[in-house]
Each structure stands twice: as C-alpha cells, then as structure tokens.
Amino acid sequence: MDEALLRSLTPGVLAVLVRRAADFAAAEDAVQDALVEAVRVWPADPPRDAKGWLVTVAWRKFLDQARSDAARRRREDRLDEEPAPGPAPAVDDTLQLYFLCAHPSLTPSSAVALTLRAVGGLTTRQIARAYLVPEATMAQRISRAKRTVAGVRFDRPGDVATVLRVLYLVFNEGYSGDIDLGGIAEVPQYPLSAEAIRLTRQLAAATDHPEVAGLLALMLLHHARRAARTAPDGSLVPLAEQDRRRWDTASIAEGVRILQSALARDRLGEYQAQAAIAALHADAPTAEETDWVQIVEWYDELARLTDSPVVRLNRAVAVGEADGPRAGLAALAALDTSLPRYTAVAAYLHERDGDLTTAARLYSEAAQKAPNLAEHVHLTRQAARLNTRRPH
Amino acid sequence: MAKYLLLKHYRGAPASVNDVPMDQWTPEEISAHVQYMNDFAARLEKTGEFVDSQALAPEGTFVRYDGEGRPPVTDGPFAETKDLIAGWMVIDVDSYERAVELAGELSAAPGAGGKPIHEWLEVRPFLAAHASCITE
C-alpha cells in the first residue's frame, strides 16, 4: 500500500467530483470514504488504474449519500404532509381533489389558484402575494372557481394531463419559461417552484403515471440550478455561464433517478422528454461538454409529441450548438418570426456566427419585446456588451 | 400623507442631459444603474414611502367601444405616438416638496459613463378618492 501515491491522487480525485457538480463538502466526504475503502481492498486486490478506481468509488459514495439525503428529505416531506388528526382522506381522494382543481371548465389562472388553495393548503393571502394581486381579487377568483366546479362529480377520474399542466404553470410562475440558450427567462420566485415540486411529489405518490414522474424529474432538475441562476445583483446568469458547482447535486441525482425509472416504462411523454433534456444539461461538467447531439434528438422526439412552436425554437438553439450557428439559423428560418423569444434566439445565433453587428441590433430589438424586466435588462446588457466591445 | 406618481417616459419628456440609449452603455454601467434603482426602492420601503413600481413594455394598442354587440375597435401599435410611458413609481409622502426631492434622486440614476442621466421625470399628484375630513 503506497500511502504517498494515495495522497498524491486525492486532490485530483476530489477535483473530478467537484467538477461533476458535487458540492465541495459532500465530495470531500465521498473521497475520504473511497480512501478508506482503498486501504481495505487494495492490498489484496490492487487496481490497474489507481486514480480511476478512486474516482469511480468516490462518485458512487457521493451518489449513495445524495440519494439517502434525498430519501431522508422525502421521508420528512411526507411527515410534513401528514393530515391533521381525524378521518384521514384516502389516497384516491387526494387524486380526485387534484382532478377537481384542474377541471377543464376552469380557466388556467383559476385552476392554479384553486389547486394552491385546496390541494396546497396555502392561504388566500399567500397566493395573492405570490401572484402580485390584491387579496380581495384572489379571494374572488378562488370562490368563483369553487362555484364553477361545485357541480362536478367527485367520483369520476379526471385527466392526469390537465393536472400536470396546472402544476407546470405553478412551477413556471416561479421560474418563467426556460430556454436552452442560457436561461434568459430564468426569473426566480422560489416559493412557488418549491410548492409546485411538493404538490407534484404528492401527486406522484397518489398515482402511478410515468408523466407525473417525468414532470417531477423536470422540476427537480431545473430547481437544482436555482442558486446558480442569478448573480448577487439579481441579474440573470445564462446556463452556459452558470457556476455548475452551485447546482444542487442531490436534487439532480433524485431527478435523474426518477426520470430513469419513468423512461424504463416505455411510455414516453412530453414531460419525460423535457426532463431528459434537462438531465443532459445537468450531466455536463462544463457547458462545452454538453451533449448537444443527444439534446437535438430529444427535441425531435418532443416535437413529435407536441408539435409546439416553442419546442422548435428551442430545437433551433440546440441545432446551433450541435451543428454550428449556420445550421441553427437555417432551422430558425423555418419558424414564425412572431414567436416569443424568436428575436433573442436569432441574436444569439448571429453572435455565435460572428456577425456581431446584426447580433447587437437583434439583442436590442429582443429587449423591447421581452416579457419581463429581468429578461429586458439581460438582453439590453447583451446588446451593450457587443456595442461597447473593444476592438482587438 | 399624499400619493404621487413618478412617471418615466420612453418618449414625450424633454431630452435627458446624459442622453445615451442603454444598449450603448457598458454592461457594468447597466449593472450600476439597476443597482441604483433597486437600492432606491429598497430605501423608500424602509422609510415607509414606497407604494408600487412597474415597468411597461414599449408597445401598446388603443382600444375603444364600438357600440352594442360589436367587438371593440383596436388600433395601433402607434410607433409615432408622441408620449410613451416606460414605467412608474408610486410614493406616499408627507409633502409635495418631498415628492420632488425623491424624483430628483431617481433622476440622478447613473447612465453612460457612470454619470447621472438627469432624466426628466413627471411628478403627478393622485386625486384622492375621498375628501379629507379636515378640508373644511
């Protein structure tokens, strides 16, 4: 047993783990565990590649820990969700409540409000605050929604897809639509995202549906990036520029595990496909190492499932990364220019293609069309960056 | 206490002293500007004078009633409209003088070159919904 060799390998092994988006303390623990294991196993069975062996074992230890943390958190969550003493509602009742609150006769904003109130147990004031409307307005919205579904029979199963759409809306309100060119719309409002995850988790426990698992995985994978998504001054940090060490590896590990078991059931749906794309991003140690070819394939799959123009816009970005900006611009040319964020995507692809003048003009134009202030500032800053660059 | 609207115009106000469009600033200058605005609002929250702040998208549409049973008439967007509101801040302050003082501070937000923009802001008092009980 060569202790000096072992010691000399340690920093390199740790670096690999930290680069794989493990947080430093957890990675350090995992490497220590791997060293103990090495001392025990190597004398009888020395590995051919000492460092490779350590990385493999340490990573496994790290994932085990992340999983058991996640499992513990799940147990705790379940404890929190336990109903007040009294006649406990059956699981099926919970499910029916989700169906009711997402009933097709409700408008999306009413379904969202009712779900948060009735299933989530938030107060009207909390919901009003989350959606920045007066409490009286939200109270009216909720009571109208209750009246709308008053006559709906509670015993008929609803459509899981409508429930998922509502939960997705809640999550997105806290997250705003993400786009792969760098999360230009990643506006944080975490309490709603966290609540959406909690509700989806609860739904996953009440029903056996791979798309529920897909949505839960998708939320966990996106939520894992939350700390890296904004700079200290509150501005947006694009995906490619995020400090991946700040991603929540436990959340990623859990999301990947849930996604894998959902995909194994071979009933693909749009949420599983979206989660697969998020998982590929999560899996890349650096932005440069992103597997864009596989991401394009998933977007093709997603386009077959949904035929949504937003999906095709995201696909154009992925094509730009996989096959070069010209290919991305060609994919973009087939799309409707009035699509939200079309101009922002065009700006990005032109910049990648080296046409900085066009890119700067399009970034400014995109800023004027931005759907929120954070994106407006981000896109203006992109234009400013190109307009004020020093010639080399 | 009285409420005032501090109005910021995309167009329609006299030109600022430091009149360089934001997409010609450096990214650092934009950060400094955003920071100033955030700090300003946070400070007014602390003093109990902040009510609301909103930004508006540049494009809007004019709409009017077109008679019973008809859909409303819409027109626009009006690219040539003389006056275009960019956003506002509502404050609740003790005096008109205080409202002017705060508008002056807001107008000092840094722009190109890190220098104050000296932007013209419009200060408009709210018409209160109820007569005050001490008006007589």
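Before I look at any sheet, a pairing rule: two strands pair if DSSP finds at least two bridges between them. Helices (H or I, at least four residues) and strands (E, at least two) are DSSP runs, numbered from the N terminus.

What I am working with is a predicted model, where local features need pLDDT of at least 70, side-chain atom pairs count only at pLDDT 80 or more, and totals for chains, interfaces and linings use all residues. Residues are numbered from 1 along each chain as its sequence is written, while chains are lettered from A and ligands numbered from 1 in the order in which they are written.

**Chain B, sheet.** I looked up the sheet first. Four strands of chain B make an open, antiparallel sheet in the order β2-β5-β1-β6. Its edge strands are β2 (50-55) and β6 (122-125) of chain B, each pairing on one side only. From one strand to the next, the twist averages 20°; for angles, axes are lines fitted to C-alpha atoms, for helices over the stretch in contact, and the values run from 0 to 180 degrees between N-to-C directions.

I then checked one pairing in detail. β2(B) and β5 (residues 84-93) of chain B run antiparallel and are joined by five bridges. B:Gln54 faces B:Trp88 of β5(B). Helix α2 (residues 96-107) of chain B lies across β1 (2-11), β5 and β6 of chain B, at about 135° to β5(B).

**Chain B, overall.** I count two helices and six strands here, in the sequence pattern β-α-β-β-β-β-α-β. The radius of gyration is 18 Å, well over the 14 Å that the globule rule gives for 136 residues, so chain B is more spread out than a compact globule. (That radius is taken over C-alpha atoms, and the rule is 2.2 Å times the number of residues to the power 0.38.) The C-alpha trace of chain B spans about 55 × 50 × 25 Å along its principal axes.

How much of chain B is buried? I get 14% of its 136 residues. Buried means 20 or more other C-beta atoms within 10 Å of a residue's own, exposed means 12 or fewer, partly exposed is in between, and C-beta atoms are placed from the backbone.

**Chain A.** I find 18 helices and zero strands in chain A, and 42% of its 392 residues are buried. For contacts (C-beta atoms, placed from the backbone, within 7 Å) between residues at least 6 apart in sequence, 61% in chain A join residues at least 24 apart. In chain B that share is 72%.

I picked out helix α5 (residues 108-119) of chain A. Nine of its twelve residues are buried, so α5(A) is largely enclosed by the rest of the structure. Among the buried ones are A:Leu114, A:Leu116 and A:Arg117. Just after α5(A), A:Gly121 has a positive phi of about 70°.

I also looked at A:Pro238, in the loop between α10 (210-223) and α11 (249-263) of chain A. A:Pro238 is partly exposed, with 18 other C-beta atoms within 10 Å. Its C-alpha lies 9.2 Å from that of A:Ala228, ten residues away along the chain.

**Where the chains touch.** The contact takes 13 residues from chain B and 14 from chain A. On the chain B side, the largest share, six residues, comes from helix α1 (residues 27-47) of chain B. I sorted that side into seven nonpolar, five polar and one charged, with Ala, Val, Leu, Ile, Met, Phe, Trp, Tyr, Cys and Pro as nonpolar, Asp, Glu, Lys and Arg as charged, and the others, Gly among them, as polar.

Key. Contact = placed C-beta atoms within 7 Å.
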